[in-house]
Amino acid sequence: MNVSLFPKSWDTSPSAEYQIDEILQLIKEGEWQDPVLSYRFLAEKFSKRSPQATNAKKNLPAFTVSGTFTERKDSGLIKHSGFVAIDIDDLNDVDKCTSIVKTDPYIYASFVSAGGHGLCLIIKVDPTEHKENKTELFDQFKEYFEQRHDIQIDKLQDISRLRFVSFDPYLYKANISRTFRIGSEQAKEININGQ
C-alpha cells in the first residue's frame, strides 16, 4: 500500500516512498498547507489557467496513488498499491458532494483537491484488473458514479497518474471500504439506501 512522492509535478523520478495512509494524514494535518493555499489564492484571483496559478500548481508535490515507481510512467511500476484515484472536478458545492460520497461503501478516502473546487476519491481495486483492464475498470467507475450518485468523474486511468498533494483538515477516511471489481454489477448489488 505504498506510493511514490514526486517533489514537483514535472519530476520524473520520485524523491520518497510513503504508505498511502501517511500521505492522507499529511494532507489532513497541513504538511503542504502553505503552497496549496497559495495556489488556491492565485487560481481565485487570476483564474486557474492563468500563468500565476499554473506555475504554482506545477510546483506542488504529487504522488502516484496506484503504487511505487522507478520513474513516472506505467512501465516504471514497482508494485501496485491496490488503490486508484478518481477525480470529480469543478463542483459548485464541494461539501454536498463530500457528504454524498462518504456514504458510498467503495470510498476508502476522499479529500478536497489542490484547487479547492473538486474532490479526489481513493478507491480499492484489484491491481491485476487495473493493470490489465484499466479502460474497462474506469468505464465501470464512470457508469457506477453516474447511476448511483449522478456524479460525473474524470476518466484518468493511467497507472502512473499523478495526484497533486492538497490540504483538507476534514479529509474523510472510512473505517471499512469494499474493493471495486470489474463485472460485479456494483450499481445493482447495493440498493439506494446503501445496504
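In helix H1 (residues 20–29), the buried residues are Ile 20, Ile 23, Leu 24, Leu 26 and Ile 27, with buried meaning under 20% relative accessible area for a 1.4 Å probe, protein chains only. They sit on the same side of H1, because they span an arc of only 160 degrees around the axis, taken from the directions from the helix axis to the C-beta atoms. Helices (H or I, at least four residues) and strands (E, at least two) are DSSP runs, numbered from the N terminus.

This is a predicted model, so local features need pLDDT of at least 70 and side-chain atom pairs count only at pLDDT 80 or more, while totals for chains, interfaces and linings use all residues. Residues are numbered from 1 along each chain as its sequence is written, and side-chain values use heavy atoms, with hydrogens and water left out.

Now for Tyr 108, which lies in strand S7 (residues 107–112). Tyr 108 is buried, at 8% relative accessible area. Beyond its neighbours within four places in sequence, Tyr 108 is in contact with residues including Asp 21, Leu 24, Phe 83 and Tyr 172, where contact means heavy atoms within 4.5 Å. With Asp 21 there's also a side-chain to side-chain polar contact of 2.6 Å; such a contact is a pair of N or O atoms within 3.5 Å, one able to donate a hydrogen and the other to accept it within protein, and residues adjacent in sequence count only if both atoms are side-chain atoms. Thr 179 is 71 residues from Tyr 108 in sequence, yet the two C-alpha atoms are 9.0 Å apart.

Note on methods
Buried < 20%, exposed > 50% of the residue type's maximum accessible area, 1.4 Å probe, protein only.
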